[in-house]
Amino acid sequence: MNVRPKRSLGQNFLSDDSAAGRIAERLELKKDDTVLEIGAGKGALTRHLVEKANRVLAVEIDARLCRLLRKSFRDVENLSVINEDILKLDFRDVVKPGAKVKAVGNLPYQITSPVLSFLLENKETISLCVLTVQKEMALRICALPGTKDWSPLSIAVQLHSDARVLFHLKPESFYPPPKVDSSVIKITFLGEPRVAMPDEEWFFKVVRCAFSQRRKMVSNSLAGSLDLPKSRIEVILEEVGIDPRKRAEALGLKQFVDLASAMREILK
Ligand code: SAM
């Protein structure tokens with residue numbers, strides 16, 4: 001069955017079988033593991049997963065590819081092909097209460113951010129994820145504070161997980177080749193947030209405001225985006241031991257939590 005790739009669905013299929021094997025290996029599958037595959041495509045990765053896991057839930061939005069998968073894997077008993085938009089999947093429909101899955105996928109790059117939000121929202125049901133994403137995105141997700149890639153995205157992911165880059169893949173590993181380099185990353189969810197806080201929504205508001213003008217001092221970015229006098233922000237920053245002349249990218253997670261908590265008490 002010949003299925004023409006749809007660019008609008010990010011259909012760059014993995015053509016490098018050794019890369020598929022390496023990705024599957026990094027899930028460290030055990031005989032009782034359930035795997036959620038995001039965007040199974042033609043099954044390049046799926047075939048490695050069904051060999052090692054107890055159960056594979058392969059979610060694929062394209063009905064043509066679901067037909068192809070059901071045909072190619074007709075003799076495989078531990079695979080369920082789910083023709084669904086991953087962003088609309090309700091975990092309660094596919095995973096038993098209290099159970100955890102490992103998530104894997106060569107993500108359609110145009111929906112990487114919403115997929116990450118979806119995975120974060122369902123973190124109680126997921127132990128770890130191995131994801132192929134655009135290289136720039138991988139560097140931002142896994143960045144360390146004090147580097148140019150440290151961003152609200154790094155903070156959102158790392159507040160709840162350990163995230164690291166495993167290896168990079170060239171465009172030739174896919175067909176058709178994408179225009180960008182790719183990286184495989186591993187996200188291991190923590191049981192609790194890395195730093196406890198009373199109000200996550202407020203925390204992320206402060207983080208976004210602090211990064212709103214990356215090249216400016218954090219006191220200027222916060223004063224500008226929250227429409228407050230700079231002197232007031234400077235007092236709060238100094239109170240929590242942050243030099244107001246620093247840029248947002250120099251602040252670590254704990255400093256953001258301290259800052260957001262102090263601002264919440266004074267401003268809310
Ligand atoms: N895993 C396959 C591989 O490695 O060859 C395919 C990877 S391809 C980069 C991304 C796949 O995600 C495509 O098959 C595409 O149809 C599917 N896809 C795109 N958007 C999706 C969505 N919202 N939900 C589920 N699958 C999606």
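1. Cys129 counts as buried, at 0% relative accessibility, where buried means under 20% relative accessible area, exposed over 50% and partly exposed in between, with a 1.4 Å probe and protein chains only. Cys129 is in no disulfide, and the nearest cysteine sulfur, that of Cys142, is 11 Å away; a disulfide is taken here as a pair of cysteine sulfur atoms within 2.5 Å. By this rule the count is 0 disulfides.

2. This is a predicted model, in which local features need pLDDT of at least 70 and side-chain atom pairs count only at pLDDT 80 or more, while totals for chains, interfaces and linings use all residues. Residues are numbered from 1 along each chain as its sequence is written, and side-chain values use heavy atoms, with hydrogens and water left out.

3. The structure holds 3 aromatic pairs, that is, rings of Phe, Tyr and Trp (its six-membered ring) with centres within 6.5 Å, called stacked if the planes are under 30 degrees apart, edge-to-face if over 60 and tilted for the rest. The rings of Phe203 and Phe204 have centres 5.0 Å apart and planes at 75°, so this pair is edge-to-face. Phe203 is buried, with a relative accessible area of 1%, and Phe204 is buried as well, at 17%.

4. Elsewhere, the charged end of Arg22 sits over the ring of Phe167, 4.0 Å from its centre; the rule asks for NZ of Lys or CZ of Arg within 6 Å of the ring centre and within 35 degrees of the ring normal.
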